[in-house]
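Reader: I am new to this structure and would like a guided look at it. Could you please show it to me?

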Amino acid sequence: PCPQSGYTVAVMNVGAPAAGMNAAVRSTVRIGLIHGHRMLAVHDGFEGLAFGMVRELGWGDPYGIKGWPGHDGLEGTLPKKHFEEISANISKFGIHGLIIIGGFEAFTGGLELVEGRARFEELCIPLCIVPATVSNNVPGSDFSIGADTALNTITTTCDLIKQSAAGTKRRVFIIETMGGFCGYLATMAGLAAGADAAYIFEEPFSSRDLQANVDHLTEKMKTTVKRGLVLRNERCNENYTTDFIYNLYCEEGKGIFDCRKNVLGHMQQVGMGPTPFDRNFGTKMGAKAVAWITGKIKECSRHGRIFANTADSACLLGMRKRSLVFQPIAELRQQTDFEHRIPKEQWWLKLRPILKILAKYNIELDTSETAHLEHLTRKVLVPEATL
């Protein structure tokens, strides 16, 4: 048994399932127990916290089905309309810190809890958000738990679909991926699977672009490779739906190539279970989140009570390039497009030209990237004789 800290930390999942969530919860709970905390699991997201659906977790308690996503029921309800009930339950269960594992709803819910601090003193507790969504659309993080599994599943499926046309000549496949308004999955799967085009919301396209893609595929069918692959993000365009693009390609390619369409659906969330990357990533994120929240609880403790009302007491743990960093969620508000639920700037958009180059489009690739060089100072060695 570990020495008890006297603190209680609650962990909850918010939003749709993502592969690797269980690893994050397991890591969070066990590291928390090692720190001596009392660990609580909240069922059904913010709604569960409002209605007191809370249970204590021990070392050997199950955290969902081993290796598969989804834990303790996932709901996307936001906390704003349940502030009074949530505050009462935070006080009732003696919660000193809250770790939220989830997607964009977790980020939005965290912002609402911070806003509610002005009215409800009970909400003044340290708060940490761990991004976990297949869409990879959480501001402040280059990667989210679950995105790697979804990407692997899409790429594997694209490979199998292309193989199905091994004995067939002149065929184009149109595949719809998940991701909401975020085109990460469509773009990266297009790069990995060798797609001829990937339609996404962040890069607007017109009927002329669609016609150019059809013409390109028409020319491609004259070569030795007589197969085409086109990816479309589920919400890339309101009017150019998967059915519309399929009908357009069928009509324009009549006599040259035929088309098949596939909507991959929710198999992307699970695939064949979380990839090693997602399991490791979830485990590391959970451990870091507990270590940070433990420090914050001690920092905000005054005469046996926790009072956290500073901006840095509510953070999102995100991967920025090669490091895991804690960023105040209030600062991330400026970097977010709330209407479309995506960050305003996304690193992977720079890779889009590579996709077109590999598909043999005539396009230039700008590889220049400005970077601040660290100023080096030359150390002057003083001979020992002069000392």
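**Strands, helices and burial**

Author: Strands β4 and β5 run parallel and are joined by five bridges. Strands count as paired if DSSP finds at least two bridges between them. Helices (H or I, at least four residues) and strands (E, at least two) are DSSP runs, numbered from the N terminus. This is a predicted model, in which local features need pLDDT of at least 70 and side-chain atom pairs count only at pLDDT 80 or more, while totals for chains, interfaces and linings use all residues. Residues are numbered from 1 along each chain as its sequence is written, and side-chain values use heavy atoms, with hydrogens and water left out.

Reader: Which residue is the bridge partner of Leu-98 in β5?

Author: The partner of Leu-98 is Leu-127. Leu-127 also has a bridge partner in β12, namely Ala-314. Strand β12 (residues 314-320) pairs with β5 in the parallel sense over three bridges.

Reader: How many residues of β5 are buried?

Author: Five of the five residues of β5 (residues 127-131) are buried, so the strand is largely enclosed by the rest of the structure. Buried means under 20% relative accessible area, exposed over 50%, and partly exposed in between (1.4 Å probe, protein chains only). Leu-127, Ile-129 and Pro-131 lie on one side of β5, and Cys-128 and Val-130 on the other.

Reader: Let us change topic. What is the order of the strands in the open sheet of four?

Author: The order is β7-β8-β6-β9, with parallel pairing. Strands β7 (197-199) and β9 (258-263) stand at the edges with a single partner strand each, so one side of each is left without a neighbour in the sheet. From one strand to the next, the twist averages 20°.

Reader: And which helix touches β6, β7 and β8?

Author: Helix α7 (residues 207-220) packs on the sheet there, and its direction makes about 160° with that of β8 (227-233). Helix α8 (residues 242-252) lies across β6, β7, β8 and β9, running at about 170° to β9. Axes are lines fitted to C-alpha atoms, for helices over the stretch in contact, and angles run from 0 to 180 degrees between N-to-C directions.

Reader: Where is His-216 placed?

Author: His-216 is in helix α7. His-216 is buried, with a relative accessible area of 16%. Leaving out residues up to four places away in sequence, His-216 touches Asp-196, Ala-359, Lys-360 and Tyr-361. Contact means heavy atoms within 4.5 Å.

Reader: Now to α1, please. Is that helix mostly covered or uncovered?

Author: Helix α1 is mostly covered, with ten of its 14 residues buried. Among the buried residues are Met-21, Val-25, Val-29 and Leu-33. The cover includes β1 (8-14), β2 (38-42), β4 (97-102) and α10 (276-299). After α1 comes Gly-36, whose phi is positive, near 90°.

Reader: Finally, how many helices and strands does the chain come to?

Author: The chain has twelve helices and 15 strands. Of its 387 residues, 51% are buried.
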